[in-house]
Each structure stands twice: as C-alpha cells, then as structure tokens.
Amino acid sequence: MLDQEEIQELFGKVVRNERKKQNLTQSELAERANLDNTYISQIERGLTNPSMFTIHKIAWSLNLSEFSIIQKIKGMLSESPESHYDSEDELELIYNAVGNLNASIILTANQMEDFRIIYCNDAFLKLTNSTRTDLMGKKLQDILSDGENNEVLGVFLDSLDGATSKSELITNHIKIGKNKGLKINVSSVLNSSKKVENHLFTLRDIDRPVDGNDGSYYPVIEKYKTLLKETHHRIKNNLSIIIGIIDVSMLDTKDEDLKSILKDTQLRISSIAHVHEMLLEPSENENVKVKEYLEKLIEIIENTYQLKDIIEMSSSIEELDLEEHQILSLGLLCNELITNSYKYAFDHIEESKILITIKESGPDKISFSYGDNGKGFKRELFEEAKTLGLSLIHVFLEELKAFNVEVDTENKFYLSFEIENRAIS
C-alpha cells in the first residue's frame, strides 16, 4: 500500500508532465492557477499535500478535470507490477492522499440523472453513518435533505448547468447528524468532448465542537470570518499608509513627469485598497458588489484627476457579485482604461465622453464594455502594448480569462469582452 508521500509524488509527476506537454513554465502555470510559483514547485516535487480546491485550480489551468488527473495517477499506479488495487480502493486512496482528509467527497452522475451518487469516500460514510450499499444510486438531494423540500439546496443544484465550479453554504434542513450547516463545493468532471459527465462534491461541516468552559459549540466559520476581516483591515490600513507616503512625495517633487507616475501608482494602490475596504463590510458571502465598487472607484479617479468638469463619465452597471480576485483585476483594468483615455484620448475633443457597461450576458457570464469618443490610435499599438498602461490592460484581460474580446481604435477606443462569474453564490 502506497503512503501519502508517495501519492503526493505521483500527483506532482502528473502536474509536471502535463505542464511540459503544454510548453508551460512553472511561473506560467502558477499565474494561470493564481498560486505562488514556489508552491507549484513544491507540488511538482511531491513536498506538499494540496487541498481539493487547489487540485481543481491546477486541473482547470491545464484544461483538465480533477477526475482525469486522478485517472492519470491510477495509470502510473498500474504501471507498477506490485500495485494491485480494485478501482474503488484506488480512488479512495488517491482522494484521501491528495485531498482534505476531513472533507466528505461524493462523485455523482450528471444533472440530467438527478445527481445520483456513484462514489463516496469514507469521510462521507462516517458523516452519514451509512454504508456504500445504502448510498449508491441515491439522489444527493434526498441524502442531504431532511425529507422536506430543501429550497436552498435545490436552487443550488439547479444552477449548476454549465458551471465549472460553484460553492454554497447550506444552513437549513440538513439531515446529517446534528449539523447546522454544510459548506458544499462542486466541480464539473468533463469527458473528452469537454461536456459535463459527472459532478465532484466536497462537503465540510462548518459547526465543529471546541473545548470551552460551557462546553458549547462555536461555529468555526465565524472564527474564520473574524480573522479574515482583521486581515482585510490590516491590508487596507497598510495600503492607506503607502498612499499617504506617495502624497507627501508628490508635494516634495517639482518634476511633473514623476508626479504623473506617482499619481498613477497611487490610483492603482487605491483600487486594491478599496477592495479590502469593501470586504470589511458585513456580508453573507465573500464576494464584492460590482456596481458599488466600480462607481466608488470612478469617483476616486475623477477626484484625483479632477475630471468631473472635463469628461462626461457615464456607467451602466448591473447589481452583480464578483469574487475578490476578479473584482480586483476588473478594478485595475478600469483604472488603466480611464487614465489612458484622460491622458491621451481627448486632445482637441470638445465633448469628451466615457461609457462603461457591465451586465449579465448568460448563466454565470458577465459582459463588459468600455468606450471613449477620443481621437483613437493605430490598432497595432494596442496589440504591441509597448507602454506600461497598455501592457497592464493585456495582463488584466488575461487574469480575468476574458473571451469574445473585441477592440476598435479607429477615431475612438472601444473594448468589450465576457468573463465567467466565479462568485460564491
């Protein structure tokens, strides 16, 4: 029987092999997966035990599913004449070795087949106090509900059509034991035709007993939220200090070019600080309101450059949620677009105008468009991106994994694209 370290090593080999097949460097994979480059190196060398969420991010970045990675590990196991596992035991070993041992893992049929259970690990059997015989072929909704119609869970399952991954906190009508709530994460398992074949669910109990004087239960999720809020508070304060230092630096310099660079840097930092400020506000989830964030950001840019009497800034932004990383990239992108328009677009333009539109364009999809009525410029300059501002625009489009990108620079500037909404619902 292989131990955890040996399974980690096999997982690392699969990641390294798939990365090299796609001619990616460790840095490029780390950037795609939004992970640290050192962490990717540790994974490939089998030195760390990644969570299921990390596995999902790496698989997605390699255009694979978690299940296909597991199948590749199984293939490596079968290459050894000393490895003789039946498929279920093998799958159990791999999940427990490279996943979170405390998480309950369930593999179900696709949505068309009502999420019928086709595999579950020992942690889920323990959580439900059941045997595999009891659970195989049963609907996940029936197993998790208390016999009544669980509307929250039902809506969550109905919303999975076409989604790569989603997450939900279910706090009512939970049948399992004395649980008050479960955090449910799900990832789609795609077949070779890139169609959803199965769903991989990970359940975590958010109410864990802790030793206290009164012997009571304290929700772990509340401790987590408190610590997270404190982290956001400290980051915001530190960024505010940096913004203040830049203010002082601008007062001390007479070089107008340097002042412009400092002002641009200050706005970029403000875009980041504002995200952390909004994440400090009471909320039921970890997302950021797009409309509120961008309208505040536009106001900050207008006040910094004193644009209100110079440029007519219009926005049509729907009330949508985005996850933290997406909203940060979108905010930084808007900052670059607006400042570029202000600096270069409106020479000899009497009525300067900017319009920003953000709306839902489909299930879990958001469309973005930005336009100004400036003088425009050669399309090749946008493609070559030799300036810092244009380079950053390309970086943020890549960070957002933008698709259906359209650009028009003839006698104006217009940019539109779509992104997947990965916000936790």
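Student: On what basis are the values given?

Tutor: This is a predicted model, in which local features need pLDDT of at least 70 and side-chain atom pairs count only at pLDDT 80 or more, while totals for chains, interfaces and linings use all residues. Side-chain values use heavy atoms, with hydrogens and water left out, and residues are numbered from 1 along each chain as its sequence is written.

Student: At what angle do α13 and α14 pack, and how far apart are their axes?

Tutor: Two packed helices are described by the angle between their axes and the distance between the axes. Here axes are lines fitted to C-alpha atoms, for helices over the stretch in contact, and angles run from 0 to 180 degrees between N-to-C directions. Helices (H or I, at least four residues) and strands (E, at least two) are DSSP runs, numbered from the N terminus. For helix α13 (residues 290–305) and α14 the angle is about 35°, and the axes are 10 Å apart.

Student: Which classes of residue make up the contact of α13 with α14?

Tutor: Contact means heavy atoms within 4.5 Å. Residues of α13 including Val290, Leu294 and Ile301 meet residues of α14, among them Ile327, Leu330 and Cys334. Ala, Val, Leu, Ile, Met, Phe, Trp, Tyr, Cys and Pro count as nonpolar, Asp, Glu, Lys and Arg as charged, and the others, Gly among them, as polar. By class, the contact has 12 nonpolar, 3 polar and 1 charged residues.

Student: Which helix gives the largest share of the lining of the second largest pocket?

Tutor: On a 1 Å grid over the protein atoms alone, a pocket is an open set of points with protein on both sides within 12 Å along at least five of seven lines, whereas a cavity is a set where a 1.4 Å probe fits but cannot get out; lining residues have an atom within 4 Å of a point. The second largest pocket holds about 610 Å³ of space, and its lining of 27 residues includes Asn340 and Tyr344, which are among those nearest its centre. At least two lining residues each come from α12 (256–279), α14 (324–345), α15 (379–384) and α16 (388–399). The largest share, 8 residues, comes from α14.

Student: Which strand gives the largest share of the lining of the second largest cavity?

Tutor: Grid points are joined across faces, edges and corners, and a volume is the space filled by probe spheres set on the points. The second largest cavity has a volume of about 30 Å³, and its lining divides into 6 nonpolar, 1 polar and no charged residues. Leu330, Phe368 and Phe417 are among the residues that line this cavity. The largest share, 3 residues, comes from β12.

Student: Is threonine 108 buried or exposed?

Tutor: Threonine 108 is found in strand β1. Leaving aside neighbours within four places in sequence, threonine 108 is in contact with residues including Phe115, Leu140 and His199. Buried means under 20% relative accessible area, exposed over 50%, and partly exposed in between (1.4 Å probe, protein chains only). Because the relative accessible area of threonine 108 is 0%, this residue is buried.

Student: What is the phi of aspartate 114?

Tutor: Most residues other than glycine have a negative phi. Aspartate 114 lies in the loop between β1 (104–109) and β2 (117–120), and its relative accessibility is 37%, so it counts as partly exposed. Its phi is positive, near 60°.
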